Structures are given as C-alpha cells and as structure tokens.
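Please read it alongside the sequence and the model.

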Amino acid sequence: MGAVSLHWLLPGKGLTQEKVVVIMAAALFIGFSIFLTGFFSVSNLIGLVRNICVLGILGVGMGLVIIGRGIDLSVVSVLAISAAYFIELLGQGLPIWSGFLFVLMLVILVGAINGFLVAYGEIPPIFATLAMGLFVYGFGRSQLMGQDVAFIPPEFTTLLALGTLKLWGVPLEVFVFVAVCLVATVFLKFTKFGRYVYYIGDNFAAARNLGIPVRPMLVLQYVACALFASVAGAIVALNLQSMNTRIVNSTLLYDVILIVVLGGIGLSGGKGGIRNVVFGALLIGILVNAMTILDFEDTHQNLIKALILLAAIMTDTLLNQRDEQTEKQGDI
Amino acid sequence: MTVVLSMEKVSKRYRGATAVRDVDFELLEGELHSILGENGAGKSTLTKIMAGVVDPSDGTMRYRGREVSFRSPSEALSAGIAMVFQETSLVPSMTVSQNLYLGNEKFLNRLRGINISAQQFLQSLNFTVDPTALVATLGAAQRQMLEIARAVRLNARVLIFDEPTASLTPEEKHHFFALIKRLRREGVSLVFISHALEESLAVSDRITILRDGERILTDETRNLDRREVVRAMVGRSLSDTLYQSKSDQDIRPAGERILDVQDLSMGAAVKNNSFSIFSNQITTIFGLVGSGRTETAKVIAGIYKRDFARGGQIRFRGKPVRYRVPSMAVSDGIVYVTEDRKSEGFFDSMSIAENFYAALLSSGLHRRSTVSMREMRDLARKWRGEIGIRAINDDARVIELSGGNQQKIVIGKALIRTPRLIIFDEPTRGVDVAAIDEIHRLIQALADNGLAVVVITSYLPEVRKLSDRILVCRQGRIVEEFSPAGVTDEDIMFAAVH
C-alpha cells in the first residue's frame, strides 16, 4: 500500500478528489510564495505550520471516526475544556502529573460516553456527540471554571517554555503532529483493529456478522478521537499560554470536518486514510494563512472555504461518476 | 400485431466495460416478453434503457413509430413506459392512495377525495386493498400490485418488471398473474426479466435471451424448451445436471448430533421451534418467505437474540449456549451465510483480498494484532483458486463482480473461519446458472468432509439435489421432517403451505 510511495500521484489512475486537493494546495503555495509578499517568510511559514498542526491533529481523530462511518461533534469542546480545566487545576495548586492524569481520565471518560451512546445506545452519532459536546462545554464552563479564559500560572516556567520550544528551528507541535499521524497511520494500516475500523465503516452489518467486535471498536474510536482533541488542546494552550473556551463558538469544528471531507475521506465510511487529512489540512491551512495576510474578513474567508469544498466535491463527482451499481447511501 | 417499441443496434458501455452490445429488440402490443440471461448478461441495462433510467451509448429506439430518446424515467413514464421496481419507489410511511397519486398531487390535497377515487380505481383493477392502509403494512405482493396500479393509472402502455415473482408466495403469484392477464387484454405490453425459467416458459409469449451483452435469440415460447433456453443462456448444455435429484444411495447417514434446538422463540417470527442438526450431512430447511427460517438461523448464529424469558434452549455440541453477539458463535464454529449479501454479506467498496482478510482477522485464527499485506495476498490467492472466483485479480472491487462471484466470496469468507456448523441462507439466489452448479458442489464437498451443513431454500429442485434430510418450516417453526428417499415435491410443498 502507498504509505510512503507516491505511485498514486502518477497519471493514469484517474484524477481523484485527493489529487485535485494536492494539486490545488501546491498551486496555491507556489502562487502565494511568488505573488504575496510576506507569505514566504520564516516567521509566516512557522505560523502556517502551527495552524495546520492543530487542525491536522483534530482532523486525524475526526478522520478515524468518519472512516468508521461516525462523526464526532464534541471535539472542540473537549479541546477547550480539557486544556482549560488542566490549567485551572494547576492554578489550584495541583502538581502537574496528578492534574494531567486526572484530566486524561476525564477525556477518556467523555470519549467512552460518546462511544457507549453510539454503540450500545444506538443513538445516531451526530446527535450523541452534539449533546456531549454541549454538555462538556456547559458543565466545564459553569462548574469547573470561574471565567472564559484560563491562563497558565507564571510559576510553571517549564510549561511556558514548551510553548516556544523549537528543535532545529522547527516548533515542537510539528513533531507532535507528525507523531500523531504516524501513530494513526500505523494503527489504521498495520493493525488488526485498524482494519476493523474500515470494515465497520464499509458495512456495519457485514462486519458484525463476521464476528468483528463492532461495539467495542466504536467505543475505541470515540475515545481515540477525544484523546487527539485533548492533544490539540494542549498545543493551543501552550502556544497562547492560555486557553480561551470561547473557541467552542468559533468555526473550528466546521474547519475540521471540512479538511477531512475535502481530503477525500467520504462521509459514507470505509474510505481514505490519514494522508487525506494531511492534504486537506495543508490546503485549508495555506488558504486561511494567505487570506489572513490579505486581511480578508471572516465572512469572506468562509465564502472562499465553501467554494473550495464545493469545487473539490464537484470535481470528484464529475471525474468519478457513480452509477446505481457503485453508489452508497450517504455518499457525497 | 403492431410493434410498440423497437430498439436497433443499442449499446451501452461503462468505462470500458460493455454491458449491452448491438442489441435489436422488438415488443409487440399486448405481448408478454421475457428477457432471460445469466447475471451480467445485460438484461437490467437493456430494460433500463427502455425506461429512460440509463442512456444508451449507441443505437436508436422507436416507440409507437417515432424515434425517441428519454433523458429521464419521468419522460419515459409520460410517454407510457413504466418500470416496476421491487418495492423501491413507494413511500412506506404514506397510505396506499397517497402513493397512488404521488407526484400528481393538487396544490391542496384532500385526503378524503383521493381515498374515494383511489378506491374506485383499485376496484376497477379488481385489486382489493384498503386505500387508507399504510404501505409499510402491506406485503410484497400488494406493494408490487400497487406499483402496477400506479403505472396503469398513468396510462402506461409498456410495463417492465425486474424479477416480478421472486418475493411472492404461490397465492400472491396467482393474483399477480390474474392482473397481468387483464392488462394484456387491454393491449398493455409487458417485459419480464426473470431467473425463474419454468415460469418464463409457462407465461410468456416470446423470449429473448441475452449472453454477455449480446442477443442470442428471440423466438416464440412455443418453439422453445427448457434445455434449449439454458443452452442459449450459458452457451453450453448443463441443464441436465444442474438440478439432478439425488439418488437414494447417495444420501449421507447422520453423524454426531451437533445442534439441538428446543422451543426456540423470538418475537412473532419464531415460535417454539425445535429441531436437531447432525454433522456429516446436508439438512435443507424448506419454507416460504416469512416462515421464520432466516430468523431461526440468525438466532442460532448470534445475530438476533432469542426472547429473554421462554426463549427456549440451544445446545451446541452438548453445551447449552446463548450468544449475545455473532463473534461468540463464530468462535464456537457456527457460521451463517446470509441471503442478503449486499446489505450484510460483504464490504462492497473493498477488494476481494480485503474481504477474505476480514474473515481471517475476525476468526480468532489470527492471533497477532498486526496485519501483513503478504499474508492478505497469499490468503486471497489461495481462496480465489479454491472456490473458483473469476476475476482479473484480487484487487478487483467486490461491487464490480457478478452475483455468482460475489456469492462465492461470501461463502469463502465463511469457510476461512473453519466452521463446524455452516448455515447457507438461499445460497444461489441471484446467482447465474454456471455458478449455481459450482456452489452446489462446494456445499456437497463440505458435508463430505464432515461438516454439519444447513441449506435454507425455497426452491424445490435445490432441495431435491442437495438434501440428506429435509425440514419444512412454516409459521415460525419446523413442522415436518422428510427423508429425501420416497418423498414427492407435492408432499414438501403441502407441508410448507398448510
């Protein structure tokens, strides 16, 4: 399989949505580098990569769930509240490690509840995780925290230093993103349970009949997704030395779904891989960065994102016509 | 007789693959024309071109003397050509009359008004159904009749049916053919696509046979017999051996009593069902659709749960078992091969190799938690040869294969899990003639190797060919047991319907 090889990019295998996204990303990158002053500079590229990392890590978790034909709308709440509550606990004088373990357990619990609601409660994932996301945000904001923004207390110098740490000039989170991608790729491609995710996403009933433990696997997917979301939360908090829980009300959640779908992981499940998330994240990251330099308003940014998504999906539909033999319910 | 519809040199190509090639076709007024052929012969594509569902790549079509090319099914319908789908184009949550007038509602609909006119219209067709009943509560036959009624109401002059009788009981078939007869008297032309050879020979005026997308012959039915038709369909003569009944000395003696079911109950579908299954032989369970045979099998395989209280008892190899999920049954060695392979049998967007590998991974035979591409390829090569799947390579996606090959994949996946008891539910449904024989031989070989084999079927020749022991299922329970020696088809059918 093409984990490292690039044979899929060669012509002759048909132009897929994935290739369209890669070509668009490359063209935009080259175009902005030449024509947009301030884009191709070290400081801007580092900022660009940072944005991609957060989006990408969230996207890996979301991608995992979507491959299993689910969706997780609670990721941004988990991102915000896990990091903010951790900072809150530090402020109350808890040692770093016990605070870390406690928050980790809460994150796993949230993911497991998502999974149980979907797998055992048989609630459609879109409702289960929407409710869970609202609950996590509401509970965290009203019961666990005093204010919207939690600042890392100045005495935790190591934590504050982590946020600006660079290895060979590359910010720490890049390594975290690469590690997350590697772990997820190895899981999906080379472990039995990773293959189960694809089988469950492709045909749930067939997977169950075959004897695949479908419900424990669903729980696992949502736990993994929540864990990735909290990793992304840690990165945001370390970067900004604080966590603003209002991020829940931003368009971040839609951006995450956007990069996953844009990259070519179909919402009908069983298709795509981590590679697709990375490409989706690159395209959107480059675009958002350039639009920020150009000082586009948010509303215009959303308009352009929408057009890009429509263009990618329409190209795919036109290039890979589905007939009644190959189409599946929920295909986009 | 006047020609209603004619096609000349019609072709349809899908990305390189040709589904229909230079086919000429003529439909006369008031005739019943059957189109026969193996799976993948192009029957569905040809009829979909007539109904405007599929655009032809080449060729011309004339309808009532005018050259036409329909861009959509609704255009064909307004011209008078309707295709009756298997219950797919009805809205289950609406009533009969609402469905009847679907798409022609007035801006303000009065339910009472359409109920009254629906009642009158249905009566004129001699079709007794309550217009206020929800479609969800209707049986397969009634839904089909409703589809026909809708087409008639829209003044359809050509009706196309895909496997019209596949899901009907004998009694429902009777009503169905009575309605067909009335329509023909009024000059409506009918096209049947069917797998049921005997029926086509019995009811149609003319038969067209397709093979590999080409027309092999069109002739009046009275000039044809069964053997000729099968030879034209498959290009060779194998009809004689296809459903040859088993001779009495070939009956395998019962081995160990491997499964013992006592008073099994599940909801309304299975009621106090008791029977036993033995190894070393093939037990067929004959029963009509809705007799509870599939549900019983699914309870045994852990796919459904039996009633919690008074659900009865299942003993497998002497031990009482109660499976909550299929994986428990699979690890004990009970495997169920589904009748509905598309929705619960295989992973359709994945390759042959990945499908086989799924079975190995989930079987418990694969102890490592990592996967290997080489292991997957070796497994696929081995099993593709073992069960004779004809595909270009192991990377072919399952959805692109013919029904016979798809069924073999589902069977291969079952065998990879080394079952002790294997239950085949309608193993040859929607499978082409050549593959039927191969699948039958596979099933026979399993029993010869000592497995306990159960075959659920509603096709009597299949019962005659495979059975070492016959169980008949009716209204949720096994009602009769026969030895294949000395029992007649009438005995079996009588037990199934009375």
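## Two packed helices in chain B

In this predicted model, helix 13 (residues 352-361) of chain B packs against helix 14 (residues 373-387) of chain B at an angle of about 100 degrees, their axes being 9 Å apart. Helix 13 of chain B is therefore roughly perpendicular to helix 14 of chain B, a term that covers angles of 65 to 115 degrees. Helix 13 of chain B contributes Ile352(B), Ala353(B), Phe356(B), Tyr357(B) and Leu360(B) to the contact, and helix 14 of chain B contributes Met376(B), Arg377(B), Leu379(B), Ala380(B), Trp383(B) and Arg384(B), where contact requires C-beta atoms, placed from the backbone, to lie within 7 Å. These residues divide into 9 nonpolar, no polar and 2 charged (Ala, Val, Leu, Ile, Met, Phe, Trp, Tyr, Cys and Pro count as nonpolar, Asp, Glu, Lys and Arg as charged, the others, Gly among them, as polar).

## Interface of chains A and B

Between the chains, 22 residues of chain A are in contact with 28 residues of chain B. On the side of chain A that touches chain B, the elements giving two or more residues are helix 8 (192-202) and helix 9 (204-210) of chain A, and the residues of that side comprise 9 nonpolar, 7 polar and 6 charged.

In helix 18 (residues 489-497) of chain B, the buried residues are Ile492(B), Ala495(B) and Ala496(B) (buried means 20 or more other C-beta atoms within 10 Å, exposed 12 or fewer). Because they cover an arc of only 100 degrees around the axis, they lie on the same side of helix 18 of chain B. The face turned away from this buried side carries the exposed residues Glu490(B) and Phe494(B).

## Conventions

Residues are numbered from 1 along each chain as its sequence is written, and chains are lettered from A in the order in which they are written. Because the model is predicted, local features need pLDDT of at least 70, whereas totals for chains, interfaces and linings use all residues.

Conventions. Predicted model: local features only at pLDDT ≥ 70, side-chain atom pairs only at ≥ 80, totals over all residues. Axes fitted to C-alpha atoms, helices over the stretch in contact; angles between N-to-C directions. Helix = DSSP H or I, 4+ residues; strand = E, 2+ residues; numbered from the N terminus. Parallel < 35°, antiparallel > 145°, perpendicular 65-115°, else oblique. Contact = placed C-beta atoms within 7 Å. Arc of directions from axis to C-beta.
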